[in-house]
Structure formats: C-alpha cells, structure tokens
Amino acid sequence: MNDHPALAVAAGVADRLAHPDTAPAKVTADATRQHLAHGPVGIALLHIERAAAGLGPWQRAHDWLAVATRRPFTSGADSHPFYGAPALAHVLACAAEHAPGTYRRALDLLDHQVTHDARRRLDTAHRRLDARQLPALAELDTIRGLTGYGRHLLRRDPAGPALEAILDYCVRLSEPITHDGDVLPGWWTPTGPSGRPDDRFPGGHANHGMAHGIGAVLALLALSARQGTTVTGHHQAMRTILAWLDRWKTNTRRGPAWPYWITRNELRTQRLAPTMPRRPSWCYGTAGQARAQQLAALALGDTSLRAQAEHALLDALTDPVQRGATTDAGLCHGFAGLAHLAARTAADAAPQTADQLRAVLPALLSTLLPPGTTPDEAATALVNDPAGPGLLDGAAGTALGVLTAAGPQPPRTAWDACLLIA
C-alpha cells in the first residue's frame, strides 16, 4: 500500500501545518498551547514521526516546539499526561530518540518532574484505597491519570521505583471493594463517564475505555510484562480484569463486542441495558479493547485469548453496522484511529488474521478521500475541519494514523505510546 493516495493526504496535511505562522490560529492560542490533544506539541509529533522516517525536515518539528515552549509548561497538580510538562516530555522523548543530542537537558528535567508528579498522585491514590473509597476516573486513566504516567515511565525508566509503584497500584486497583452493600471492581467510579456526577449513572459506573477506563490499566500491565517489568500479583491482576471483561462481553451477529461501561443497575441485575450499535473506536469500544486484550494475551502466552481479541477487531471492522457508527476521520474515535489500530494489531497477530486485518485497511483509508476529491482537497478539508488540526481529533492525528496504516513500516517513533496501544 506504499502508493495509497491516503499517504498523499497525510503529506498534504503536514505541508499545510509546516509552520505555526501559517496554521489555524486556534492551535497556537494560549488555551491550547499545553494540550497534547489539541495544541502545537501534538502537531510537532506529526513532524517528528515524518522526520524520523525521512519524509520531512526536522525544522518543522523544531518550529512547532519553539512556539509551544515560549512560556513555561505547567507541572504539578494542574498537569497530566495530555497537558503541561508530562505532555511535552512525551513529545521530546520521541524527538530525542531519533535526533541524538537534541532536547536532552530539557527532557531530563521533565522526566524528573513527571516522576515527582507521579509519586504525589500515587500517595493520594493509596490514601484513597486505604480509606476504601471509590476512585475518580482522573486517578487511573490514560489521558489524565496514573496509567498515562506509567506508560511514560515504562519508556524512560523501566527499572525505576516509580514505575514499580504504579504497577503495584494497578494490581491493588484490580482488587474488589464493597460500597453501599455491593461488591464492586476496584476501578468502579462514583461519577458518570465525564468524571462529574451524572443523574444517568446513579451509583456510578465501571468504565471499560482505553481513554478513561480499565482498558488502559490492562494495557499498561500487559505492555510492562512484555517488556519484562512485573510486580507481585501482576499476572493475576490482568486475569482479574480479563475475567470481568469476559463476563460483560456481548455477541453481535458478527462477533464479540464490549460495552463502553457497566452501570450500577446492570451490575445488580447482571444484565446489560439495550443500546444502539456503538462505534468500535480507540477511546471506547471494541477496537481499543481488542488491542488491550491482544497485548494481555501476548504477555500471558494465552493463544485462545489472543485469537479472540484479534478476531473481535476483525469482526468489528468488517461489520457494516459497527463501522456505520463511525462518522469522522480522527484518531480518537474515527477511521484513522481504526486503521492505525488494525495495523498495530496485525503486526502482532497470527499470520492468517494479520493478513485479514491488513486486507481491511484500504477500505478504512478510502474514507479519508471521498470519490471525486483530490488528496490536496482532502488535506485542506482536514486541516480546516471544526475538529481542528490537533492530534486526538484533528488533522495531525489523522495523518499519523495514515502513516502507520498505509506506510511501509511501523512507526519510527513511539508517538502512539500516549495511547497505550504500543
């Protein structure tokens, strides 16, 4: 697929985002400056990946990082993996690994700050656990929480005590907790999926997502185990989470699927409420969940679970009903994210399933180039879309997903480590 026209769309996006001065103003505004999801550091990731692959100049990445860092980045309680110093640390790590000598001093300082912040958050989390209280989503999730910190530490300090402490926390999080007379999984949160009280979720919920739920915890445990970093109870914690997910798995006409979350009423009745088909995205749904379970299967050496996870993704991507629920191009919950996940999953899949997953990629990528549209027109539309030019929902993330799905090799950088899928 080296000549797939979607690659021309990705190149067109990169060209239109070549320099902050010619990009949409909102991406460089102070409100987005520190956001990995929406701001200039996320766009820098696109140029870092392209430069590492020999597809573009490093100067573009430097220019975007320069505009992002004109003022100091937030650290401490007001920062998290997708905002402030931890977000910048992820991006600089991607650059430093492929441009030796660059950003080294800044990255060392940021790594120290990330470790300090993770320790502070862990202290708070263990006090909450000791008090037998329920967690907030922001304590544990990929975007704002300890699993996001853990993935950075797995990359930057895999043998360090901070990562070990986060993995110990993940193990403890897998233990059940009794609340208002119900035995709940340790990751049950008292709020709605937004992280705020919600009348639609009386008694809270158990979140399954990769962005905000137990999928992220499972993925971090699996990734660290595959890298040889484990703690006491590590494998049992994975199996506890997998058993919960297996209990709530549903069977569609095309294969297994997982609900986005479980409510207190569903837990008490042991029955899922009827729902419309939902998109199988990274943030929520079968695509991200299937990748987390594939990673866990590889870590545990469980061939049956591996086959189930890989076929679940294949089934979701070939089911017109599930695919029809996907309506945008982005990385978080759009076609570029599905294509990227399919490519990442195929790289670790059994040979026959890998071929089947790769065979789905052209159809996913074709959605980015509607009939009668040139790559230049498609690139312009993506950059000017209301979703913006950023990483998670916008054009830069779409272009990065395309590079993996349509390109000749896997990512040269670990840009997608922030998604906990690799």
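Entry 1, charges over rings. I count a charge as sitting over a ring if NZ of Lys or CZ of Arg is within 6 Å of the ring centre and within 35 degrees of the ring normal. R247 lies over the face of W248, 4.1 Å from the ring centre. R278 does likewise with Y260, at 4.7 Å from the ring centre.

Ground rules, before I forget. This is a predicted model, where local features need pLDDT of at least 70, side-chain atom pairs count only at pLDDT 80 or more, and totals for chains, interfaces and linings use all residues. Residues are numbered from 1 along each chain as its sequence is written, and side-chain values use heavy atoms, with hydrogens and water left out.

A pair of aromatic rings is described by the distance of the centres and the angle of the planes. I pair rings of Phe, Tyr and Trp (its six-membered ring) if their centres lie within 6.5 Å; planes under 30 degrees apart are stacked, over 60 edge-to-face, and the rest tilted. How many aromatic pairs does the structure hold? I found six. F201 and W261 have ring centres 5.5 Å apart and planes at 80°, so I wrote down edge-to-face. F201 sits in the loop between strand 2 (182–184) and strand 3 (205–207), and W261 in strand 6 (residues 261–263), so this pair ties together parts 60 residues apart in sequence. My helices (H or I, at least four residues) and strands (E, at least two) are DSSP runs, numbered from the N terminus.

Then I checked W261 with Y284: the centres are 5.5 Å apart and the planes at 85°, so that pair is edge-to-face. Y284 lies in the loop between helix 11 (264–269) and helix 12 (286–300) while W261 is in strand 6, so the pair links parts 23 residues apart in sequence. F201, Y260, W261 and Y284 form one aromatic cluster.

Is F201 buried or exposed? Buried means under 20% relative accessible area, exposed over 50%, and partly exposed in between (1.4 Å probe, protein chains only). F201 has 9% relative accessibility, so I call it buried. W261 and Y284 are both buried as well. Contact, for me, means heavy atoms within 4.5 Å. Not counting residues up to four places away in sequence, F201 touches T191, G192, P193, W261 and T263. I also noted that F201 and I262 are 61 residues apart in sequence and 9.5 Å apart in space, C-alpha to C-alpha.

Helix 5 (residues 104–130) has 27 residues and reaches 39 Å from its first C-alpha to its last, close to the 39 Å expected at 1.5 Å a residue. That expected span is 1.5 Å times one less than the number of residues. Its buried residues include L107, D117 and R121. What do the buried residues of helix 5 pack against? I listed helix 4 (85–96), helix 6 (137–140), helix 7 (146–156) and helix 8 (161–173). After helix 5 comes R132, whose phi is positive, near 60°.

I found S79 in the loop between helix 3 (58–68) and helix 4. At 1% relative accessibility, S79 counts as buried. Leaving aside neighbours within four places in sequence, its contacts include D117, R121 and Y149.
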